[in-house]
Amino acid sequence: MNDRNTSESRIPDPQIFDFDLTAHETRRRTEVLAALGDTWDPIAVMDGEADAYRLLYSGLDAEQRATYDALVAAGVLPASGQA
């Protein structure tokens with residue numbers, strides 16, 4: 001008798017598990033929006049992020065500007081005004 005065939009025959013077939021997380025994701029998004037509150041202004045947040053991005057890369061010297069331009073050209077950083 002071949003022990004290998006015997007041990008393989010005792011391995012159960014793989015089971016497929018299917019989880020529907022739609023209800024959980026809907027609840028999570030609802031809770032996030034509730035936590036943000038009524039005063040949250042997404043446009044103001046995006047404007048603030050754009051201002052911060054411009055400030056971060058303002059005042060670069062020539063070498064820093066060259067590095068920044070190379071990173072933009074390589075697609076590592078977004079071009080000015082696209083942040």
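Val32, Leu33, Leu36, Trp40 and Val45 together form a nonpolar patch on the surface of this protein, with about 410 Å² of accessible area. The model is a predicted one. Helix H2, which covers residues 22-36, is the element that gives the most to the nonpolar patch, contributing three residues. Trp40, another member of the patch, is found in the loop between H2 and helix H3. Its relative accessibility is 40%, so Trp40 counts as partly exposed, a class that lies between the limits of 20% and 50%.

The protein as a whole has four helices and zero strands. Along the sequence the pattern reads α-α-α-α. Of the 83 residues in the protein, 5% are buried. The accessible surface comes to about 7600 Å², and carbon and sulfur atoms account for 57% of that surface.

| Helix | Residues |
|---|---|
| H2 | residues 22-36 |
| H3 | residues 42-56 |
| H4 | residues 62-73 |

Helix H4 has 12 residues. From its first C-alpha to its last, H4 reaches 16 Å, close to the 16 Å expected at 1.5 Å a residue. What lies at the start of H4? There, a side-chain oxygen of Asp61 comes to within 3.2 Å of the backbone nitrogen of Glu63. Beyond the other end, H4 is followed by Gly75, which has a positive phi near 85 degrees.

Notes:
Residues are numbered from 1 along each chain as its sequence is written. This is a predicted model: local features need pLDDT of at least 70, side-chain atom pairs count only at pLDDT 80 or more; totals for chains, interfaces and linings use all residues. Side-chain values use heavy atoms; hydrogens and water are left out. Helices (H or I, at least four residues) and strands (E, at least two) are DSSP runs, numbered from the N terminus. Buried means under 20% relative accessible area, exposed over 50%, partly exposed in between (1.4 Å probe, protein chains only). Accessible areas come from the Shrake-Rupley method with a 1.4 Å probe; for residues, only the protein chains shown count as cover. Patches are made of residues with over 30% relative accessible area and no salt bridge: like charges are joined within 9 Å, nonpolar side chains (Val, Leu, Ile, Met, Phe, Trp, Tyr) within 5 Å. A salt bridge is a side-chain nitrogen of Lys or Arg within 4 Å of a carboxyl oxygen of Asp or Glu. The expected span of a helix is 1.5 Å times one less than its number of residues. A polar contact is a pair of N or O atoms within 3.5 Å; within protein, one must be able to donate a hydrogen and the other to accept it, and residues adjacent in sequence count only if both atoms are side-chain atoms.
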